[in-house]
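Dear colleague,

I am passing on a structure for you to look over, and my notes follow directly below it. Please read them with the coordinates open beside you.

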Amino acid sequence: MSLGLFYALLGGGLFALGLAGLILRPHLLAKIIGFNVMGSGAFLVLVGLGSRDGVADPVPQAMVLTGIVVAVAATALALALARRLLELSGDMVLPGERLRPGEDDDADA
Amino acid sequence: MSGSPGAGRSRIVTWAVVGLCLGLAGALAWAMLDLPAPSTRLPGQVAAQLERSGVEHPVTAVLLNFRGYDTLLEIAVLLLALLGMLAAGVAPRASAPLGASSMLAALARALAPLMVLVAGYLLWAGAFRPGGAFQAGAVLAAAGVLLRLAGFLPAWTRPGAALRMALAAGFALFLAIAALGLTEGALLRYPEPSAGALILAIESGLTFSLGLILAGLFLAGPELPRREDGGGTP
């Protein structure tokens with residue numbers, strides 16, 4: 001197994017990890033972080049698969065370079081919207097979801 | 001709370017989600033291990049056409065020539081994200097006053113000019129080695145964030161006309177040069193002898209606007225009260 005394929009597999013794992021966080025954590029900040037972890041996983045898959053036969057492919061590298069910058073912008077927009085929601089509702093959770101009892105405590109436990 | 005039926009149900013949901021995500025990871029891994037070798041050799045194609053692209057570095061050639069559409073749309077998306085942020089607006093509250101410690105102010109003063117220099121180098125270097133508009137723009141944006149943290153730059157409550165034009169300039173220039181390609185027969189087709197110069201022009205505009213936009217993602221917000229002892233004049 002080449003190093004590129006190893007990174008791609010790692011990226012797949014990161015993607016699933018981020019998805020689990022996105023679904024399970026009601027707090028919007030945690031969801032945004034989960035989304036970013038998913039994105040990093042996708043980038044790792046792209047770059048890893050692009051270089052699995054040992055030759056770095058410039059096309060996925062350029063795509064990922066574009067993707068990283070877009071991800072930064074999307075994260076900033078998400079944070080601004082989350083902050084707006086905090087101002088309007090006093091809470092950083094989506095309507096219909098609520099923090100489970102003790103969520104704030106076990107979030108960092 | 002662990003004894004209540006609601007907690008029990010939520011635990012089942014949690015494990016179900018964890019199981020499904022593990023399954024997804026497994027399926028992804030299987031798909032990647034099972035993937036046949038690509039039928040087209042993109043690195044070879046890029047290398048074969050590199051001479052005609054106007055630049056010597058393959059990633060820059062892909063970004064600004066072979067796959068120029070992606071980059072054009074990317075700068076549009078970035079602009080849109082910043083506009084969205086500015087439109088959402090943030091009411092001034094719960095923010096600590098920004099006032100630089102003298103260390104941070106001194107560091108920002110020393111580093112900001114160097115960062116502009118590095119950005120210029122990265123922009124130039126992109127033609128023949130790793131570098132280019134994105135990296136240069138990111139360094140410029142970092143300089144902006146540093147200056148903001150040190151209290152030298154004001155927040156953008158309502159960007160004025162000049163700033164708004166500067167934000168859109170990179171996209172507008174790219175679009176104009178892309179439209180120039182229409183005379184050659186297709187959008188984004190650069191006239192071959194001047195491709196290098198056109199790419200450098202696009203990248204310069206991109207760096208300028210990208211730096212402003214990325215910094216704006218951090219700077220957009222209410223003007224915060226400033227401590228009197230911090231900073232100095234901007």
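**Notes on the model**

Thr75(A) lies in helix α3 of chain A, which covers residues 58-89; please bear in mind throughout that this is a predicted model. With a relative accessibility of 18%, Thr75(A) counts as buried, since the cut-off for that class is under 20%. Leaving aside residues up to four places away in sequence, Thr75(A) is in contact with Ile32(A) and Asn36(A).

Helix α2 of chain A runs over residues 28-50, and its 23 residues should span 33 Å at 1.5 Å a residue, which agrees with the 33 Å between its end C-alpha atoms.

Lys31(A), also placed in helix α2 of chain A, is buried at 11% relative accessibility. Its side chain reaches the backbone oxygen of Arg25(A) at 3.0 Å, and, residues up to four places away in sequence again not being counted, Lys31(A) touches Leu22(A), Ile23(A), Arg25(A), Pro26(A), Leu94(A) and Glu97(A).

As for aromatic rings, the count over all chains comes to one pair. The partners are Phe6(A) and Tyr7(A), whose ring centres are 5.9 Å apart and whose planes meet at 50 degrees, so the pair is classed as tilted. Phe6(A) is partly exposed, at a relative accessible area of 37%, and Tyr7(A) is likewise partly exposed, at 38%.

Note on methods:
Residues numbered from 1 in each chain as written. Chains lettered and ligands numbered in written order. Predicted model: local features only at pLDDT ≥ 70, side-chain atom pairs only at ≥ 80, totals over all residues. Heavy atoms only, no water. Helix = DSSP H or I, 4+ residues; strand = E, 2+ residues; numbered from the N terminus. Buried < 20%, exposed > 50% of the residue type's maximum accessible area, 1.4 Å probe, protein only. Contact = heavy atoms within 4.5 Å. Expected span 1.5 Å × (residues − 1). Phe/Tyr/Trp six-rings, centres within 6.5 Å; stacked < 30°, edge-to-face > 60°. Polar contact = N/O pair within 3.5 Å; in protein donor to acceptor, adjacent residues only side chain to side chain.
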